[in-house]
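Hi everyone, thanks for coming. Please have a look at the structure on the screen, and I'll walk you through a few spots in it.

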Amino acid sequence: MPEITDDEIPFEIPSSWKWVRIGEVISYQNGYAYSSKDMSDLKIGYPVIKSGNLMTLQVVINSKTSYIDKPNDKMLESQIKKSDMLMCLSSQSDNPEPLGKTAVYRYDFPALLNQRVLKITAIKLEMVELLYYFINSHYFHYNVSHQGGGSAQANLKLEHVLNMLIPLPPLKEQKRIVAKIVELLPYCDRLIK
């Protein structure tokens, strides 16, 4: 990862925090390019998670979801399981908003990752929740929206994601921040409604 320069730093953070690139605190896996002939018409087997399944901050499997009945070994390399974080790297013409949004896969059964969806794993398990909230923040999405390129379909390059800066507090403070977010989110939801 390239060294962080002073002119990249967007704002001041407490002295006990540090700026890091996302690529320094995650590992990642790209999805697989499935063809229509791979899909099962019976809606059985492994659901294939595409950008359209990340319409909110959670993965939604619905009637439009495609399935692979008998995946080969190469397809199984893109398998996802409960608690994996998934990031949308492409928008869709009917919903450009998901670009860069990250959802947590909460189903008890495995699924397969489609191309242009990125599986993100925090290097330290205790960072998962803070990373999830940070990646779905207005700060992150504002920066992501200026990185997407393409014509009818905006695309986010993996290198842009990996080079994004995040402010990283010490672990005890991370836990306090996440606890406060969890406490305040129901109030925010009520205000929005």
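Let's begin at Tyr107, which is partly exposed, with a relative accessible area of 25%. By the cut-offs used here, buried means under 20% relative accessible area, exposed means over 50%, and partly exposed is in between, using a 1.4 Å probe and protein chains only. Phe109 is partly exposed too, at 39% relative accessibility.

Before going on, a word about the model: this is a predicted one, where local features need pLDDT of at least 70 and side-chain atom pairs count only at pLDDT 80 or more, while totals for chains, interfaces and linings use all residues. Residues are numbered from 1 along each chain as its sequence is written, and side-chain values use heavy atoms, with hydrogens and water left out.

Now, back to the rings. There are eight aromatic pairs in the structure. Tyr107 and Phe109 make one that is tilted, with 5.2 Å centre to centre and 40 degrees between the planes. For the rule: rings of Phe, Tyr and Trp (its six-membered ring) pair if their centres lie within 6.5 Å, and planes under 30 degrees apart are stacked, over 60 edge-to-face, and the rest tilted.

Next, the pockets. Rolling a probe the size of a water molecule over the atoms shows where empty space is left. Here a pocket is an open set of points on a 1 Å grid over the protein atoms alone, where a 1.4 Å probe fits, with protein on both sides within 12 Å along at least five of seven lines; lining residues have an atom within 4 Å of a point. Grid points are joined across faces, edges and corners, and the volume is the space filled by probe spheres set on the points.

The largest pocket has a volume of about 660 Å³. Its lining has 17 residues, and Leu57, Asn136, His138, Leu185 and Asp189 lie nearest the centre. Two or more lining residues come from each of α3 (128-135), α4 (138-145) and α6 (171-192). Which helix gives the largest share of that lining? That is α6, with five residues. Helices (H or I, at least four residues) and strands (E, at least two) are DSSP runs, numbered from the N terminus.

The second largest pocket holds about 350 Å³ of space. Ser83, Met85, Val104, Arg106 and Val128 lie nearest its centre, among 17 lining residues. Here α3 gives the most, with four residues.

Two single residues are worth a stop. Leaving out residues up to four places away in sequence, Thr102 touches Leu57, Met85, Leu86, Met87, Tyr132, Ile135 and Asn136, where contact means heavy atoms within 4.5 Å.

Met75, in helix α2 (residues 73-76), is buried at 5% relative accessibility. Met75 and Tyr34 are 41 residues apart along the chain, yet their C-alpha atoms are separated by 8.2 Å.

Last, the cysteines. Cys88 is buried at 0% relative accessibility, whereas Cys188 is partly exposed at 37%. How many disulfides are there? The count is zero, taking a disulfide as a pair of cysteine sulfur atoms within 2.5 Å.
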